[in-house]
Amino acid sequence: MGDDDLTIPSSALEVLPTVHLAERCAERDISPVELIAAIKYGTRTEGEVRNDQRAWLFSYGGITYVTDYLMQRGITSWVEPCWGFDVEKVPISKEMEDSHNEALKRALDHSTWNSHAVIVVDQSGSMRKTDATKGVTRSDLVWLCLAVDYVGKRLRTGEATSRDYVSLVELGGNYDCVLREQPLDWILYNRIVDIVRSHCPRGEGNYLPAIKKAQELLSLNKSGKCALQLVFLTDGIPSDFSCQERCKYASCNQIASLACRFGSRLTVGGFAVGVEQYATLNAMVKTAEEYNCKGFLMEASLRVEDLSSAFHSMSTLMTETKTTMTDFKTNSHRTYRDLIREPSSSVSIYLEDESEWKYYTNVPGCDPSVERTYFDRKEYCWKYPESTFESLGAVGIAVRDFVFGEGRERAVRRVREVNRAGFFVGAPLVGKETLFQEDLDPDDVRAFHKNFCKLQQLAQKYATIFNRKLSSLPGARTKVPRIHFLECWVMMFVNEKNEQDAILVEKMLDVKSYTKWNTNAGYVKGSPSPTATRSLEIGDGVCISIEDVPQAFSHFTYIASGRRFLVCDLQGVLNTSLSPPVFELTDPAIHYKKRTQRIDFGRTDRGEAGIQDFLTSHKCSPLCRMLCRRWLDDPIENEVIQLRDIREVPTVGQKTHKRVRFAE
């Protein structure tokens, strides 16, 4: 039966609405008048609904209305894609087309990729709701912002190029890969505009098939030079199981299998678009963060401005990852090593399971296979202490197969000393090694660690002076926490490949209490507040916050060094079991004002820009002002920081309290 053979009875204009139809019309702002108009004036096509039941679809004025085959019962209704607005496509020149084709050919060489973003877009039936800005559907709003903000704006600012690739996956429908490994260019922009014009959400929103498809796409690129991003744009809870806890568990397991492979190279995030129930999405992001992935969850309203801002934040995270991976000397991406991660929450579990630890021990009567060495900054050489191990009875070390932490340059894994019976002895330790393939030097396995040893020793030198100054303040001797940087050394051993290897070792800090008080990018935790929960009173009624101490130390190093460098990126734990309490810190960064080849503080040294970022963010507390004033007005005599090779000579008329020589 065709359209021309069908006579619509007048009674059909009063089709009996179902509860489902009423709910969908309310969600999508469709009035009864529009339904009647669709039957009376619209185009009729034959179709099917669930359980293969035949139905009629009436389309008119941007509305599709579905009734049963006898037109006695209304089933559902929705707004057509892109109804009421349009997005202009960008004219594609011959040069753009040639560049696009070249990028597609280049895509076969995965080492040329800068990034790959897999974006999972919810296309379940709820995305047809017309409660977004100006009455557009949720689906149209998401596709529109994806085209304009994620692609268009990044191309205009130069933030993205055709070496950045994008894949789009449907969450709902057939869970198809709508676009696969496409270069980020204006042709991609136009293709997303086509999707806005044509895609119609349908079906249920099952997370698991969509995550599986995303896993396949992210795993295709085997190169460690590619930054990765997995983003979910959804407006509802998953429909995989009737039990949401079961769905959450299964989804998090799939995310964990990705995150353990890629770590900080992968960003996992989600946009909760106009939804309040996002427990599963939140759990997925938290799972990724357990494996040191960057994570974000943004509650985006149904306003264009809010979703646009959320997309901008998502783009910024990708840019940060790419920047971290970039070698500024060659301006090319460094290659992540193939490391397997374990969740940071598991580090407190210590089992002497040989399947997850590698044991390296010294055998009596044989040349030692494990040696301990440390770098002496003053004499500028490696030295070997008399005792190889920290603990009595230790004859070797056990190194964990998995890493549990990552910074900008290094990965962290668990290390223990072991006795002759193979049991752990002594305190828990951590071992640190490079994240990047380019830093490995088979001719000198200690080379990578030397700079970190020098830097940490220099930071401790200033911490000693800072603590002495702190003790001289009225009322601060027993109350105010001191600053201490952990002692570190290098353990050299012959690995299972019979090759020389080395790992930097230091005391393990409590992961649950681990805090960053400031970063090398200018971030400063908290702000000076006399009413802070952890406040102390020193001197004549002067109140300070405990959190002021690390910030005051960073500022102090800048003043004490003659404004030539600043120690920051202060991270670690506050040990309150000691009196006075102690900030036990590790992995500091130093910004040196005049960056030269003779002064090398590593990739975290941002020079003058890093110093200015800290000073801009930092607000001096009373403690900070007291220390810096006393440093200037009452200098400590004979506290010359013994550094190497660089001597500062004051200019004529320059007032100085002491001569300082600066570090290599």
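Predicted model: local features only at pLDDT ≥ 70, side-chain atom pairs only at ≥ 80, totals over all residues.

Residues are numbered from 1 along each chain as its sequence is written, and side-chain values use heavy atoms, with hydrogens and water left out.

Me: How many residues of strand S7 are buried?
Reply: Strands are DSSP runs (E, at least two residues) and helices are DSSP runs (H or I, at least four), numbered from the N terminus. Buried means under 20% relative accessible area with a 1.4 Å probe, protein chains only. On one side of S7, Asp164, Val166, Leu168 and Glu170 are buried; on the other, Tyr165, Ser167, Val169 and Leu171 are. The count for S7 (residues 164-171) is 8 of 8.

Me: Which residue of S7 is the bridge partner of His116?
Reply: Strands pair if DSSP finds at least two bridges between them. S6 (residues 115-122) runs parallel to S7, joined by 8 bridges. The partner of His116 in S7 is Tyr165.

Me: Which residue in S8 stands opposite Val169?
Reply: S8 (residues 177-183) pairs with S7 in the antiparallel sense, over 4 bridges. Opposite Val169 stands Cys177.

Me: Which strands are the edge strands of the open sheet of 4 strands?
Reply: The sheet has mixed pairing and the order S20-S28-S27-S23. Each edge strand pairs on one side only; they are S20 (482-485) and S23 (515-516).

Me: Which residue in S28 stands opposite Gly572?
Reply: S27 (residues 571-575) and S28 (residues 582-586) are antiparallel, with 5 bridges. Opposite Gly572 stands Leu585.

Key: Buried < 20%, exposed > 50% of the residue type's maximum accessible area, 1.4 Å probe, protein only.
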